[in-house]
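Thanks for making time for this.

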Amino acid sequence: MLDHSSQPSSPPNIPMDALSEVLRDFRLSGVNYGRCELRHPWSIAFPQQSSLRFHFVSQGPCWIHTEAHGWQELHDGDLVLLPQGIAHRLASAPGIEDDSLKSCQVTRLGSNVCEVVREGTGETSTLFCGSMALGAGALNPLIALMPSIIKGCDVAGNDPIVGPLLAAMTAEAAQPQMGSATVLSRMADLLVARLIRCWVNCNGASTTGWLAAIRDPHIGRVLAAMHRDPGRDWSLESLAGVAGQSRSIFAERFSAILGEGAARYLARLRMQLARELLGQSGMSVAEVATRLGYESEASFARAFKRITSVSPGVVRRTNSGRTDMDFGF
């Protein structure tokens with residue numbers, strides 16, 4: 001909780017572009033990529049997962065099916081991002097539902113990159129597929145607001161870099177050389193970050209909620225500071241100092257935009273991060289408590305159970321934060 005009685009501390013040096021500051025923490029952990037060469041007819045099902053997925057089509061044919069949108073054709077150079085990792089299917093034509101992955105030859109090209117090949121006599125589809133887990137939960141509030149599927153070509157006109165990036169990925173995937181998988185993965189990281197920024201820029205008209213908050217010149221700086229250093233001993237005064245406002249004006253403005261006070265937001269952010277640390281890093285409850293700014297393991301445990309309805313020990317034992325990702329499939 002925020003200590004309302006503590007003296008204000010010197011605010012960290014927070015950039016005015018709060019979205020860039022949050023994207024600064026866009027650490028893609030557990031990233032897996034697969035370069036696919038598949039001969040028609042083929043079809044691969046992708047189950048629901050908590051991590052982001054993306055598919056880049058270097059050469060078709062390729063269609064994507066989701067429960068909400070049915071079959072949609074993807075063209076050469078198209079990229080689709082599925083922020084919430086919803087269940088979907090890729091296929092060389094609508095209606096093909098056989099599991100072609102079983103007949104594919106999968107070769108590891110590195111610790112997190114593989115090549116997937118399906119032989120045959122039909123037309124070849126060349127794809128680059130990826131599965132990404134957000135590091136430290138920095139963008140989870142934003143990801144929850146995004147649509148279930150985003151096509152890169154739909155937002156390319158709002159970012160002069162997206163088009164050339166897609167063209168570069170097409171060229172790299174079409175003529176693979178030594179290190180191509182690594183080059184493609186680096187371009188994919190940048191492309192996903194820019195697509196997220198494009199979507200924010202095109203959907204920031206709301207006056208309330210997380211998108212409005214991150215775009216607000218005062219509250220956005222505070223969100224960036226919280227996400228960058230959630231374990232800091234934040235007080236209402238120190239956060240108001242980051243915002244450049246008086247304590248009363250800041251508190252009123254924060255609640256008006258986000259629908260909750262700064263203390264509540266910070267507590268939820270800490271518990272979200274705690275879930276990931278307990279489930280993925282193997283850290284002890286005491287280590288997580290210290291990292292997130294709690295004076296004792298007991299006070300952290302009480303806060304964790306109050307907000308999540310389970311004890312931190314249960315989360316750590318069940319390893320609930322782990323995500324099973326096998327090269328994005």
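Predicted model: local features only at pLDDT ≥ 70, side-chain atom pairs only at ≥ 80, totals over all residues.

Let me begin with a question: is R268 buried, partly exposed or exposed? With a relative accessible area of 36%, R268 is partly exposed, where buried means under 20% relative accessible area, exposed means over 50% and partly exposed lies in between, using a 1.4 Å probe and protein chains only.

Residues are numbered from 1 along each chain as its sequence is written, and side-chain values use heavy atoms, with hydrogens and water left out.

R268 forms a salt bridge with E260, with 2.5 Å between the closest N and O atoms; by salt bridge I mean a side-chain nitrogen of Lys or Arg within 4 Å of a carboxyl oxygen of Asp or Glu. E260, at 15% relative accessibility, counts as buried. By this rule there are five salt bridges.

Turning to R35, this residue counts as buried at 6% relative accessibility, and forms a salt bridge with E115, where the closest N and O atoms are 3.6 Å apart. That pair links distant parts of the chain, since R35 lies in strand β1 (residues 28–39) and E115 in strand β9 (residues 113–118), 80 residues apart; strands here are DSSP runs of E, at least two residues, numbered from the N terminus. E115 is partly exposed, at 25%.

R35 also pairs with E37 in a salt bridge, at 2.9 Å between the closest N and O atoms, and E37 is partly exposed at 28% relative accessibility.

How values were computed:
Helix = DSSP H or I, 4+ residues; strand = E, 2+ residues; numbered from the N terminus.
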